[in-house]
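Thanks for making time for this. I will go through one structure with you, so please have the sequence and the 3D view open.

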Amino acid sequence: MWTRRHFLTGTAALAALPLPFSVAAASGAIALEARERSLSLLPGTTTPIWSYRDEWPLVVRTPRGAPFRAQLTNAVAEHTTIHWHGIRLPNAMDGVPYMTQPPVGHGESFAYEFMPPDAGTFFFHPHCNTVEQLGRGLAGVLVVEDEAEKDLFLADHVVAIKDWRLKPDGSFDVFSTDKGAARAGTFGSVETVNAKPHAQLDALVNGWVRLRVLNLDVSRIVVLALDGAEGFVIATDGNPLPPVPLKAWKLGPAMRADIAFRMPRQAVRLQNVWGSKPELLAEIALIESALPGIGPVPTLAPSQVPEPDLKSAERLTFDLTAGHVSPALEAYLKDNPNVTLDQLCLPQRTFWAINGRSWSGQDHKLKPPPLAELKRGRSYVFELFNGTPHPHPIHLHGHTFRVLRYSKEEIVPHLADTVLIAPKERVEIAFTADNPGEWMMHCHIIEHQETGMMGYVTVA
Ligand code: C2O
Ligand code: CU
């Protein structure tokens, strides 16, 4: 059988098809300096983005199960933290200001240290004033590698989707609007993939290709489809699953899908088929090769996530609803689209709730009681019901859950850290509460999170 190694020893000239922009965490350590840098996103302009390093998207690779250390230095004007989205790590490393660590002020530094237990496609981002900090570009991709997967793919590409709210001169526009926050979110004006209108990638003919697709946007939902090759979903939110033929796979904000396909003798396009006409996300050009046609979809190393015990699991329900905006105020805002809540001097923008409770704010200084207190070691089924007219991608920190079923749609059960729930949809997820601490649970349409659809559970 042909493997990457066989192939590479034969043709040294084509030896490297690395991830673009990728930084290996040398001896497990990497320096991340949050500060302003400039990036050209609109032709003829530059944008003062915020980033952790010079490259955008930043891709950090580190081995599974080995110590990983990231030294964050804060050179932006406000406090920040880093949340390692989807990584099952100790609570003190989870990066939620006030809750798991003090916020990292301007000029301060914080060392994140943990051993990522699962291989896969993850990412990291701030957890304070996130709509703005992530909106400005503070995010990075974390690829956790498993030794056993090294030779499986001849091309391994990151496809990072993120939109930007820019004015025509390239400067940032306001990041949040009441109109967006109270509905489906405020959308970017410039759509990008790997900071370009679409990603341009390549792969050797007949080789297996892995696309690590990440939705890093704060609002946008995409539906993935492949044109020109038969694709398979091989991992969801970083977690392997038996290959599922890719037809239309939905990714809400924060969600990831790894897609595999064998490179044909023609270009392949990854598209977003959410709207009425397909949008190009990535074009994969062919590189001629003498590779023979090779075997079935490569199998990823099995997941290390403990399976919940469904028989003994306790069932808890969480209703996602609108928050406490009075119908009269709603009507007033509708009739007066130029009036913002700030102008009305309302204390907090609160549009959303979980189980009738809203926790809003741009950081987490004032803490309400938990949504639920879980017993360590016990299995839980969370039943999440969306009683609003908008979809919500709900993320739970510190645990990876199994998505069991949707009430209105046939799904393939899979592991995830974020689950997209359509209006009037009821979704069941299950997991073992094996990680002690206080863990956030919130919508990853960041404006929904910051205007009330946020809470936490405790595990003790
Ligand atoms: Cu990726 Cu609490 O978030
Ligand atoms: Cu939401």
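This is a predicted model: local features need pLDDT of at least 70, side-chain atom pairs count only at pLDDT 80 or more; totals for chains, interfaces and linings use all residues.

First, the metal site. Which residues coordinate the copper ion, ligand 2? They are His392 through ND1, Cys443 through SG and His448 through ND1, at 2.0 to 2.1 Å. Along the sequence these donors follow the spacing H-x50-C-x4-H. His392 belongs to strand β26, residues 392-396, and His448 to helix α5, residues 446-450, so this pair ties together parts that are 56 residues apart in sequence. Are the two histidines buried or exposed? Both His392 and His448 are buried. One caution on reading the site: water is not among the atoms, so a site of this kind may look incomplete.

Next, please find Ala34 in strand β2, which covers residues 29-39. Why does Ala34 count as buried? Its relative accessibility is 0%, and the cut-off for buried is under 20%. What is Ala34 in contact with, once its neighbours within four places in sequence are left aside? The list includes a run from Leu72 through Thr73, Asn74 and Ala75 to Val76. Ser51, Tyr52 and Leu138 are also contacts of Ala34. For Ala75 there is a distance as well: its C-alpha atom is separated from that of Ala34 by 5.5 Å, although the two residues are 41 apart along the chain.

Now the backbone. Where is the cis peptide bond that I want to show you? That bond joins Trp56 and Pro57, with omega at about 0 degrees. Pro57 is in the loop that runs between β3 (47-51) and β4 (59-63).

Two further loop residues have a positive phi without being glycine. One is Asn206, with phi near 80 degrees. Asn206 sits in the loop between β12 (199-204) and β13 (208-215). With a relative accessibility of 18%, Asn206 counts as buried.

The other is Lys424, where phi is near 65 degrees, again a positive value in a residue other than glycine. Lys424 is placed in the loop between β29 (418-421) and β30 (426-432). Is Lys424 buried or partly exposed? Lys424 is partly exposed, because its relative accessible area is 48%, and that class lies between the 20% and 50% cut-offs.

Technical notes
Residues are numbered from 1 along each chain as its sequence is written. Chains are lettered from A and ligands numbered from 1 in the order in which they are written. Side-chain values use heavy atoms; hydrogens and water are left out. Donors are N, O and S atoms within 2.8 Å of the metal (3.2 Å for Na, K and Ca); water is not among the atoms, so sites may look incomplete. Helices (H or I, at least four residues) and strands (E, at least two) are DSSP runs, numbered from the N terminus. Buried means under 20% relative accessible area, exposed over 50%, partly exposed in between (1.4 Å probe, protein chains only). Contact means heavy atoms within 4.5 Å.
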